[in-house]
2 protein chains.
Amino acid sequence: MIDNREDKKESIDNKESLSETLQQVLHLLDKHKLVEHVVHKQDMPKHGLVESLVHKQNLNILQHKLEQLHPADVAYILEALPLVDRLRVWELVKADRDGEILLEVSDAVRQTLIADMDSEELLAAAEQLDTDELADLAPDLPKDVLQDLMYSLDTQNRERLQSALSYPEDTVGAMMDFDIVTIRDDITLEVVLRYLRRLPNLPDHTDKLFVVNRDDILQGVLPLKRIILNDPDTGVRDIMATDAVMFHPEDMADQAAMAFERYDLVTAPVVDNNRKLVGRVTVDTVMDIIREEAESDMLSMAGLREEEDFFASVWKSVQNRWAWLAINLVTALLASRVIGLFEGSIEKIVALAALMPIVAGIGGNSGNQTTTMIVRGLALGQISGYHMRSLLKKEMGVALLNGLLWGSVLGLVAYWLYGNASLGLVMMAAMALNLLLAAIIGVTIPLVMNKFDRDPAVGSSVLITALTDSGGFMIFLGLATIFLI
Amino acid sequence: MIDNREDKKESIDNKESLSETLQQVLHLLDKHKLVEHVVHKQDMPKHGLVESLVHKQNLNILQHKLEQLHPADVAYILEALPLVDRLRVWELVKADRDGEILLEVSDAVRQTLIADMDSEELLAAAEQLDTDELADLAPDLPKDVLQDLMYSLDTQNRERLQSALSYPEDTVGAMMDFDIVTIRDDITLEVVLRYLRRLPNLPDHTDKLFVVNRDDILQGVLPLKRIILNDPDTGVRDIMATDAVMFHPEDMADQAAMAFERYDLVTAPVVDNNRKLVGRVTVDTVMDIIREEAESDMLSMAGLREEEDFFASVWKSVQNRWAWLAINLVTALLASRVIGLFEGSIEKIVALAALMPIVAGIGGNSGNQTTTMIVRGLALGQISGYHMRSLLKKEMGVALLNGLLWGSVLGLVAYWLYGNASLGLVMMAAMALNLLLAAIIGVTIPLVMNKFDRDPAVGSSVLITALTDSGGFMIFLGLATIFLI
């Protein structure tokens with residue numbers, strides 16, 4: 001472990017590869033015009049020029065570039081660099097803004113960065129952060145650092161951190177922050193303005209103030225807009241909104257995200273069961289949730305367990321992927337055993353061996369189309385077990401049409417290839433039947449998984465392929481054995 | 001067409017099914033606690049109670065429920081209802097708020113709703129909308145309605161609509177709106193406040209004002225926060241931000257969305273090449289883009305061409321899916337022809353027929369895992385052709401490890417099943433080689449497609465499966481023919 005670190009350090013100090021790191025960073029800045037446009041204004045040295053610069057200058061340029069970037073842009077660059085270059089850039093930036101940057105990178109990359117920091121650095125990084133940000137970082141911190149951190153917080157913040165950590169990752173409690181500005185309802189806007197002007201700043205994304213009584217019970221919200229548009233003499237009570245969308249800490253994060261999209265929110269209060277204000281949710285967290293959720297569905301359907309660092313070691317990647325491959329092998333073996341049952345038939349008509357993968361494959365593809373539709377509908381909350389019957393009816397209709405259409409085409413091809421009309425008919429019947437099977441399991445599997453509160457995106461694809469493969473072989477070889485042999 | 005409509009109307013007026021529609025709507029309201037909580041406050045009648053109500057009462061209840069809902073919630077309900085129920089609900093709501101609701105539903109559902117409206121209704125709906133909203137709706141409107149609409153607009157709005165329609169769908173120009181509040185930089189906050197208080201309202205999501213000169217050239221932005229926190233005597237010029245993130249109309253929408261996520265924006269100005277202010281982008285549009293983009297990748301990878309209405313007719317669904325199935329059939333036929341080449345070998349060792357799908361299948365799965373990773377990295381802008389070599393090296397490493405591991409396991413299984421050691425060795429070698437092939441094409445196909453500006457999510461999965469199937473059969477049967485026969 002320590003040896004390993006020494007190796008990295010050595011290669012980090014290597015002069016030749018530094019200019020390569022710099023070039024990669026420049027390439028990344030260059031590729032994303034937006035970053036360059038916006039954050040980064042002066043001219044950039046051309047690549048040709050860079051090559052002629054010596055080590056020290058390279059280091060200065062790199063550091064200078066990095067200092068001007070937004071933490072999110074530094075995070076983006078770190079994610080897009082292979083490990084050695086990543087750690088070199090990290091060395092350059094981490095003194096100042098490591099906390100913020102750690103928050104912006106993906107989980108997988110965060111682990112590589114944290115592994116490069118000692119306890120003191122980690123503690124210093126964590127101390128720059130707000131309580132809700134700490135809660136995001138906490139699961140990745142070593143136990144002893146987390147404990148030291150807890151000691152360093154005051155009572156209110158320690159309680160907040162503990163409560164934030166106590167909510168499951170996919171709930172509103174885990175995504176809320178505590179940057180709330182509260183006012184009472186018995187004052188005028190003039191008083192509100194005087195109070196606000198005494199504050200050093202308003203929290204990011206503040207588009208409304210929260211109106212509470214002396215027990216912190218939420219009475220309503222006061223959008224900044226209304227403060228500006230109304231006369232200073234107006235009372236808060238007269239213009240506050242009392243029908244604001246609000247959440248409970250135990251609400252599901254994806255439901256909250258959908259509410260943000262639907263009602264076009266920027267921030268929303270989080271209250272407990274007594275309507276006591278405990279935090280707020282902001283649209284930037286919601287955007288992250290929307291992206292993560294959609295991505296995790298996509299990764300799950302391909303059998304990837306979690307986010308993978310693109311530059312992770314071979315060994316890490318193998319671990320991320322082996323489970324899925326193992327499951328696939330088991331199902332492939334089962335399908336192979338189905339074929340084994342019919343070896344006698346294949347020996348007699350060897351054409352069956354060439355045709356059977358077509359029947360199995362088309363079933364798998366069609367079933368996966370159906371499942372993808374249903375997983376998406378479930379994620380959007382647009383379909384549920386309630387619709388099982390109508391969806392089954394529709395998908396079976398689609399399957400029957402496709403089966404007859406493509407079954408006939410393939411039946412004709414089989415007839416043309418092998419000059420055997422009965423073989424063509426068996427091919428057609430098998431395709432239609434396997435597509436029907438695919439439709440039925442493509443609808444039922446995700447709906448049943450959802451019914452039992454399992455994520456329908458995880459594993460439904462592998463189950464469907466398993467069933468349509470084995471089923472396809474069974475149907476085709478079975479029909480062939482009955483009618484042709 | 002007209003007959004069809006008559007049928008629908010008849011079934012819409014059918015008394016028995018109305019109570020069923022009502023129940024479905026209640027079920028939807030019930031399932032999504034958020035909607036109920038927030039927008040919908042009074043007690044809801046229980047299902048048992050509903051059944052006993054007569055037709056007229058049902059209609060009243062339904063209409064009453066719908067009137068209280070946010071347009072986005074009505075849209076959600078419309079999406080989650082089968083066609084007949086959907087049109088019945090649509091009849092009840094469309095008089096008042098049809099424009100807003102049409103904006104909120106998905107493209108596929110919007111088409112079913114528009115098909116149910118005559119030209120006058122459509123024109124009335126469109127007239128409720130802002131220019132940027134009209135631009136979203138325009139592609140779905142019948143030509144004659146669109147023309148009438150153009151005539152009804154004043155010059156400024158007609159020009160805006162035409163310019164919005166002239167930008168491709170995936171650019172900032174197509175997602176911007178024109179709800180901008182501009183001020184000059186030579187005034188004090190007091191003047192700004194006086195000006196704002198004369199406005200009836202501020203546009204949704206206004207978190208900053210845009211500071212322009214007399215030629216509409218953007219000088220900076222003034223966050224509302226700063227108006228509130230600073231003394232009324234302060235000059236706009238002294239506290240405006242001049243380093244705001246801004247976009248050009250021709251910037252790509254997904255790049256803009258990433259900038260919103262990265263810099264935690266709520267609104268951002270859109271300027272032309274002379275820095276003249278032409279519109280703004282808001283975070284609610286960005287959230288829609290993020291979700292649509294992630295979803296379209298997921299649908300593309302399953303070979304679904306576009307969003308499909310869950311309750312679309314069988315015929316519509318067949319059209320959406322047939323192209324993919326046709327391509328799959330062609331590739332399956334090619335793989336089948338590869339097997340055909342080795343029919344002689346299979347006749348001699350029939351076990352080959354049972355084992356070959358395992359080799360092909362594992363290659364397809366592994367290749368798709370690789371491609372999913374790469375498609376995601378490309379979408380996030382974290383990898384590019386620049387990384388081809390290092391990604392190839394890594395993925396081939398993963399493939400070799402997995403190939404040797406799972407190849408050995410399967411080799412042993414083959415040996416155990418058929419008592420043939422050479423068959424086991426051939427199995428192992430074929431699996432390792434096919435996984436290597438899968439790694440190579442899993443990396444190169446999406447990167448090459450990206451290089452030629454094609455969407456790597458569309459079709460890469462089918463290409464990879466085609467190559468790993470044919471390749472797997474070729475490798476396994478080829479090795480078997482050389483070494484076993």
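**How the chains pair up**

Analyst: A rotation of 180° with 0.0 Å of shift along its axis puts chain B onto chain A, with an RMSD of 0.1 Å. That is the relation of a two-fold axis.

User: What kind of model is it, and how are things numbered?

Analyst: This is a predicted model; local features need pLDDT of at least 70, side-chain atom pairs count only at pLDDT 80 or more, and totals for chains, interfaces and linings use all residues. Residues count from 1 along each chain as its sequence is written, while chains are lettered from A and ligands numbered from 1 in the order in which they are written.

User: How many residues does each chain put into the contact?

Analyst: Chain B gives 98 residues and chain A gives 100 residues. Two residues are in contact if their C-beta atoms, placed from the backbone, lie within 7 Å.

User: Which helix of chain B gives the most to that side?

Analyst: Helix H21 (residues 351-379) of chain B, with 15 residues. Helices are DSSP runs (H or I, at least four residues), numbered from the N terminus.

User: What classes of residue are on the side of chain B that touches chain A?

Analyst: There are 53 nonpolar, 24 polar and 21 charged residues. Ala, Val, Leu, Ile, Met, Phe, Trp, Tyr, Cys and Pro count as nonpolar, Asp, Glu, Lys and Arg as charged, and the others, Gly among them, as polar.

User: Why say the copies meet through the same surface?

Analyst: Because 100% of the interface residues of chain B are also interface residues in chain A.

User: New topic. Which residues are buried in H12(A)?

Analyst: A:Arg160, A:Leu161 and A:Ala164. They cover an arc of only 100° around the axis, so they sit on the same side of H12(A). The arc is that of the directions from the helix axis to the C-beta atoms. Buried means 20 or more other C-beta atoms within 10 Å of the residue's own, exposed means 12 or fewer, and partly exposed is in between; C-beta atoms are placed from the backbone.

User: And what is exposed on the other side of H12(A)?

Analyst: A:Thr155, A:Glu159 and A:Ser166.

User: What covers the buried residues of H12(A)?

Analyst: The cover includes helix H10 (131-137) and helix H13 (172-175) of chain A.

User: Last one: where does B:Ser313 lie?

Analyst: B:Ser313 is in the loop between helix H18 (283-301) and helix H19 (314-341) of chain B. B:Ser313 is partly exposed, with 14 other C-beta atoms within 10 Å.

Terms used: Helices (H or I, at least four residues) and strands (E, at least two) are DSSP runs, numbered from the N terminus. Copies are superposed by least squares on the C-alpha atoms of residues with pLDDT of at least 70 in both.
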